[in-house]
Structures are given as C-alpha cells and as structure tokens.
Amino acid sequence: MSGVPVAVVTGSNKGVGLAIVRALCKQFPGDVYLTSRDPGRGQAAVAQLQQEGLRPLFHQLDIDDLQSIRAFRDFLKDKYGGINVLVNNAGIAFKVNDTTPFAVQAEVTLKTNFFGTRNVSTELLPLMKPYGRVVNVSSMQSSLALGRCSQELQQKFRSDTITEDELVQLMTKFVEDTKKNIHEKEGWPNTAYGVSKIGVTVLSRIQARLLNEQRKGDHILLNACCPGWVRTDMAGPKATKSPDEGAETPVYLALLPSSADAPHGQFVSDKTVKPW
Ligand code: NAP
C-alpha cells in the first residue's frame, strides 16, 4: 500500500473539475486523480494536462453507476488505504431552452446531482483519512431556489436536525410531485437544477454534523461551495469566470491547512461563508 496522500475529483475531464485537477497537481503534495465516466474523454484530459507539464493519474468513475463507484472505492482502499481530499464536482444541467418535459429534467438532474453525489459520499466518506478535506460543489442556485421554496420546506432545509433519510425523502418527493405536476402547489420552486443543489448543500450540512458526532478527533473538514459563474459547457461563454478562477474556492476548501478547524458544514462562495 502506498503512503502517498491522494486527492480525487469527480467529473474532471472538463470544465471546473479539470481546472480543480490542474490546481491540485500544482499545489497538492501527493497523487491527484482526474476521473471521468468516459475513459476516452478522461485520457484526453490527462494528455492535455501532461502537455502543461502536470502529472494527474486517471480512474474511470460514473457517479450514476454504483458498480463504478464501488470499483473506484476498492481501488483507493487497496492502493492508498484511504483518501485525503475528495471533491464532488460532477454535475449536469439542462439548458434553459431545452424542451425535455420538466418531470424528466427533474428525474435526470436529481439522479446525478443529488443521488449520484450521495452515492459517492456513502461509499467514499468512510475512507476519508484524518485531516481529510471534502468539497461538494453545489451552486448559488441552491440558495436562490431555497428562497423560492414554501416556508415549510425552507424550515426543513435549514433544520439542524434533518436526517439524510428525510432529505432523500424530500428529494424523491420533488421528483414525484413534478410527475403529477403538483410541485408548485407543494411548495417547490420551478427549477430542477436549483432543487438538486439544495440537496447537495443540505447533504453537506448533514454530513458535517455526522462527522462532528462520529469522528470528532479526526479533524476532517467538509463543505459545500459555489465556484461562481464559470465559462464551461454548462454555463456557456458569457459567464464571468475562467475555469481556473472557478476552481479557486473549491481548491481553497480542498487545501485548508491541518491547523484549520473551520469552515466546516458551510456553504462557501468566493472563499467566504454565506448564510443558508
Ligand atoms: P461541465 O463543463 O458540464 O462539466 C461537468 C462535468 O461533470 C463533466 O466532466 C461531466 O462529464 C461530468 N459528469 C456529468 N455527469 C457525470 C456522471 N454521471 N459521472 C461522472 N461525471 C459526470 O460543468 P461545469 O460548469 O464544469 O460544472 C462543474 C460543477 O460546478 C457542477 O457540479 C456544476 O453544477 C457546478 N457549478 C457550475 C457553475 C458554472 O457557472 N459553470 C456554477 C455553479 C455550479 P462528461 O464530459 O462525461 O459529461
């Protein structure tokens, strides 16, 4: 087993994820894994960074596929005995003008952004080493969507006692409500992406609380963040930040020094804790 520290970034063959890998290759003292659901796209991204003189490693990872997640988990466990840095970056968004029925958009978006991210966490968080850092890439859209939920839903999503099971039930209910076209009547905002990212931010708050309860002495810090509005295939060319600029906040959270005990369980944007 290698004693080398290891950092892992999901969905990192392009966009913000690729820029996070680039920055970690320069700043993280250990092995950095660029992962992609498609090995061809992943290897092409590795080759691109090699052209820049960097040395990322590659492993396949499709966060929609439990077998793929578990194969990666077993690989990391065998080779490194754990994980030092995990960045849950992989995500999807339908374009605003996409004509796919809203209920389908809701199911597909929640599947990857919430349920896929949760499955990765379920399998990989137990491998986090002491002083590990976990970054869940959410979005400001989560805060905006929260503000457009009913008072009852807002109270649940801001609760300091909500459980992961309760959150899963709420995310499942959103998808079911969209199928019956009653989601607005039930207090949900009309945004599948926004609700999926509410799920990511609230999941992060729950995971941080569980770390406090179950692994207090291990000094693991876990946060959600927004990279900003970033010029990627997702957000388009009009966005204000370059991918490298978008990587700054996730990388700051991934490299919080071992002396830090905060932020933890927060939603962070522009390296600043934001109210939830
Ligand atoms: P992007 O350019 O579309 O990249 C998304 C990445 O996620 C791609 O590598 C994609 O792989 C991967 N991915 C999607 N589904 C996956 C799955 N099931 N398994 C593994 N990888 C998967 O988007 P981006 O702008 O870089 O977004 C990165 C993260 O930042 C996302 O979580 C997004 O929601 C968040 N974010 C972005 C912005 C922005 O302005 N860009 C703002 C706020 C938050 P493929 O190439 O195979 O599709």
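Okay, let's start at Val46, which is in helix H2, residues 39–51 (helices being DSSP runs of H or I, at least four residues, and strands runs of E, at least two, numbered from the N terminus). This is a predicted model, so local features need pLDDT of at least 70 and side-chain atom pairs count only at pLDDT 80 or more, while totals for chains, interfaces and linings use all residues. Residues are numbered from 1 along each chain as its sequence is written, and side-chain values use heavy atoms, with hydrogens and water left out.

Back to Val46: it's buried, at 6% relative accessibility (buried means under 20% relative accessible area, exposed over 50%, partly exposed in between, with a 1.4 Å probe and protein chains only). Leaving out residues up to four places away in sequence, Val46 touches Leu34, Pro56, Leu57 and Phe58, where contact means heavy atoms within 4.5 Å. Val21 is 25 residues from Val46 in sequence, and their C-alphas are 9.6 Å apart.

Next, Ser138. That one is in the loop between strand S5 (128–137) and helix H5 (140–147), and Ser138 is buried too, with a relative accessible area of 2%. Among the residues Ser138 touches beyond four places in sequence are Val200, Cys225 and Phe267. Lys197 is on that list as well, and its backbone oxygen lies 3.1 Å from a polar atom of the Ser138 side chain.

Definitions and conventions. Polar contact = N/O pair within 3.5 Å; in protein donor to acceptor, adjacent residues only side chain to side chain.
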